[in-house]
Every structure is written in C-alpha cells, then in structure tokens.
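Let's take a friendly walk through one protein structure, stopping at a few of its residues along the way. Have a look at the sequence and the model first.

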Amino acid sequence: MAQPSFTPRVFSGIQPSGGLHLGNYLGAIKRFVDMQNSGLNGQSFETIYCMVDLHAITTWQDPATLAHNTRELCAGFIASGVDPEKSVLINQSQVPEHAQLAWIFNTVARMGWMQRMTQWKDKAGKNSQNASLGLFAYPALMAADILIYHATHVPVGEDQKQHIELTRDIAAKFNNDYKVDFFPMTEPVIEGAATRVMSLRDGSKKMSKSDASDASRINMTDDADAIAKKIRKAKTDPDPLPETLEGLEGRPDARNLVNLYAALSDISAEAAIAQVAGQQFGQFKPLLADLAVEKLSPISSEMARLMQHTDEIDRLLARGAERAREIAAPILAETYKIVGLVK
Ligand code: TYM
C-alpha cells in the first residue's frame, strides 16, 4: 500500500518491570539515540520513546517498586542520550489515548492471532488459564502505542518482531474493515550486532530481566567491579577466537561476547572479529570488560545522579505527555469517527 502521507515518526517502548540490562541498552536504547540524532538511511524522524507501565502490570508489580522502576527507566533513557527536548519522552499511563485505542484494537484483533504469540506462550506457560486477560491482550495495547502516533518505524530487539508483525495485521484489518487508508504499515527496525543479546551464563538463552541468575546479565546499575566480574565469569569454550564469523558457528557463548564487543565499539560483528581474531578468552575478556566499563559507567553514574532529582523526572514526563497528546488526540478522534463512535 502506498503511504505518501505519513510523517516519518519513530515510536518505541520499554517495560519498567525490572531494572534495565545490557540487552535493553544495546538492542533498544542505543538504537533509539541513533535514530534521534542521525535518523536512518539518510532519513530523519520525529522520535517518541515510552515507559510502558500499563504493559508492566500485565504481570504482578509491587506498586512502590513499579513507580521507582518507571522513574529509573526514564533516568536510563536520558543518561543514555535520549534528549527530552529532541524526543518526546513519556510514561504510557499518562497518555490515555494509548488505552483508548487499545480497546478498539481489542475488537479488531482475533483470539487466534493472540494465541500464536510466542511471548504469550512463554509468559503464560502451562498455567495460561490463570494468566491475566491483560497479558493476553498485551499485543493489542502495543499496536495502539505505535499506531496512536501513526508511527512509521519501530526500533526493537529481535524478540519483538512478531509483535510488530501483529501491529501491521491489526492496521491492515482496521483499514480493510472500515474501508480507509488510515493506519500506516509500520516497519520494524532490527539492526546492528546486538539485536539479540544472550545470557552470560547460557548462550542459547536471551539476556533477560526475569532470569533468576543475576550473573546472567549486566544491569545498567552495576558498578565497574560487578561488570568486570560478570564478564570474567561469562561462559565460554576452550578455543581461541576464530578469524571469521563463520568460525563462531556452533559457539553461541563466544558469538555473544563478540557481538557485545562489536555493539559497544559501534562496529560490525565482521569488523570486531577481525580485531580480536586468534585471541584466547584470557586476553579477550579483560578487553571486553574494560570496554563495557568505559561505555556503561558514565551512564550508570548519570542515572544515579538523575534519581536524586525525581521531581525533575516527573516534570519532564508531564511535559512529554502534553506533547504526545497533541499528536495522539486528533488521531484518536479520527479513529472514533471512522468507527462511528459519537462524541
Ligand atoms: P521489553 O521491555 O521486554 O524490552 C525493551 C526493548 O529491549 C529489547 N531487548 C533486547 N534486545 C536485545 N537483546 C536482548 N536480550 C533484549 N532483551 C530485550 C526488546 O526487544 C525491546 O526492544 N513489548 C515490548 C515493549 C513495548 C513496545 C511497544 C516496544 C510496548 N509497546 C511499542 C515497541 C513499540 C517489551 O516487552 O519490551
């Protein structure tokens, strides 16, 4: 479908359901900053970034911890380079249009579509009858987050690809059902060496905030000692690093550390392996640890500084919500009109 009329606009979100980890940083936030500052393939974008607290509560969150994590996530965005002047920075629940559009999408999306979502299957597990209705409807709210701004591009890690495809399905069905060309076919942007950062303890598992082992991930609040220790202890194999990326096939732990080196150095995985070819892990791990500390320490100390001023964070979020609603409100009003909801 030709889409001449949509403003190039980026939206993405992160759940404040735990602390930020290196996977979130490299797979998402660092890419958000790139899109804010440099655009993509010569195109520049309006950028909107969101703490998705309504998504977080689809699984149980302690209220005080949720409020803390939401502010800390906001601090993490800013400390990593998201500029609240250049980008619109928001907390999802402060922009009610997200939830309002989500309800409409609940009537567009089909049960079968939701049942096929791998994240639903993973999170609900065997006990799906006991999962919240919100967890099941989660992808419809995510589609609403994106489409309430007519966002054209969504930078995410690989694990969110299926949800963006579903967003396109919802947009297409809405457009088709109501015979309009109203919602865009949003593109996922899944690029770079760190679209899927793996656990430091098991290279076949994604690095995740829900992993019981803290050693499996680098938290953005870890200090230099903790970062170095976790990298020193990261699982590897006995062989030296190969000359080419093909040589990393079947070596997921080694591949993960090379990807981390590449992403932290802002180079491709090919360029990274060329730099470290032939090294033993005894040599490579300290190099990686130094690099990680150099890149992450300024972010964690800035996060800690910002968290001393939570009133300032709240003020920024209130301002972000105002700016976001200027875009979202007319799109919701038009959606209501298309659907026949009398206002
Ligand atoms: P969430 O909160 O699980 O993760 C936030 C972002 O971090 C990426 N990510 C990773 N990237 C690389 N390696 C990893 N190990 C890793 N772990 C997480 C995720 O892909 C994501 O980009 N459903 C979303 C939140 C959301 C959203 C949206 C995203 C709600 N509405 C609208 C985009 C657009 C989620 O749970 O992300």
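## A histidine and an asparagine in loops

We start at His150, which sits in the loop between α7 (133-147) and β4 (153-155). Helices here are DSSP runs of H or I with at least four residues, strands are runs of E with at least two, and both are numbered from the N terminus. This is a predicted model, in which local features need pLDDT of at least 70, side-chain atom pairs count only at pLDDT 80 or more, and totals for chains, interfaces and linings use all residues. Residues are numbered from 1 along each chain as its sequence is written, and side-chain values use heavy atoms, with hydrogens and water left out.

Most residues other than glycine have a negative phi. His150 counts as buried, at 11% relative accessibility; buried means under 20% relative accessible area, exposed means over 50%, and partly exposed is in between (1.4 Å probe, protein chains only).

Asn41 is another non-glycine residue with a positive phi, of about 50°. You can find Asn41 in the loop between α1 (22-38) and β2 (46-51). Is Asn41 buried or exposed? Asn41 is exposed, with a relative accessible area of 74%.

## Salt bridges

Side chains of opposite charge can pair when their charged atoms come close. The structure holds 19 salt bridges, each being a side-chain nitrogen of Lys or Arg within 4 Å of a carboxyl oxygen of Asp or Glu. One of them joins Lys230 and Asp222, at 2.7 Å from N to O. Both Lys230 and Asp222 are buried. These two residues also belong to a network of salt bridges that links Asp214, Arg217, Asp222 and Lys230.

Arg251 and Asp237 make a salt bridge too, with their closest N and O atoms 2.7 Å apart. Arg251 and Asp237 both lie in the loop between α9 and α10 (252-265), so the pair ties together parts that are 14 residues apart in sequence. Arg251 counts as buried at 11% relative accessibility, whereas Asp237 is partly exposed at 22%.

Now look at Glu302 and Arg305, whose closest N and O atoms are 3.0 Å apart in a salt bridge. Both belong to helix α12 (residues 281-306), and because they are three residues apart, about one helical turn separates them. Glu302 is partly exposed, with a relative accessible area of 27%, and Arg305 is partly exposed as well, at 44%.

## A buried threonine

Thr335 is part of helix α13 (residues 310-339). With a relative accessible area of 0%, Thr335 is buried. Where does the side chain of Thr335 reach? It reaches the backbone oxygen of Ile331, at 2.6 Å.

Our last stop is a positive surface patch formed by Arg201, Lys229, Arg232 and Lys233. Patches are made of residues with over 30% relative accessible area and no salt bridge; like charges are joined within 9 Å, and nonpolar side chains (Val, Leu, Ile, Met, Phe, Trp, Tyr) within 5 Å.

Arg201 is placed in the loop between β5 (187-189) and α9 (224-232). Arg201 is partly exposed, with a relative accessible area of 40%.

Conventions: Areas by Shrake-Rupley, 256 points an atom, 1.4 Å probe, with all protein chains shown as cover. Lys, Arg positive; Asp, Glu negative; His and termini not counted. Charge placed at Lys NZ, Arg CZ, Asp CG, Glu CD. Polar contact = N/O pair within 3.5 Å; in protein donor to acceptor, adjacent residues only side chain to side chain.
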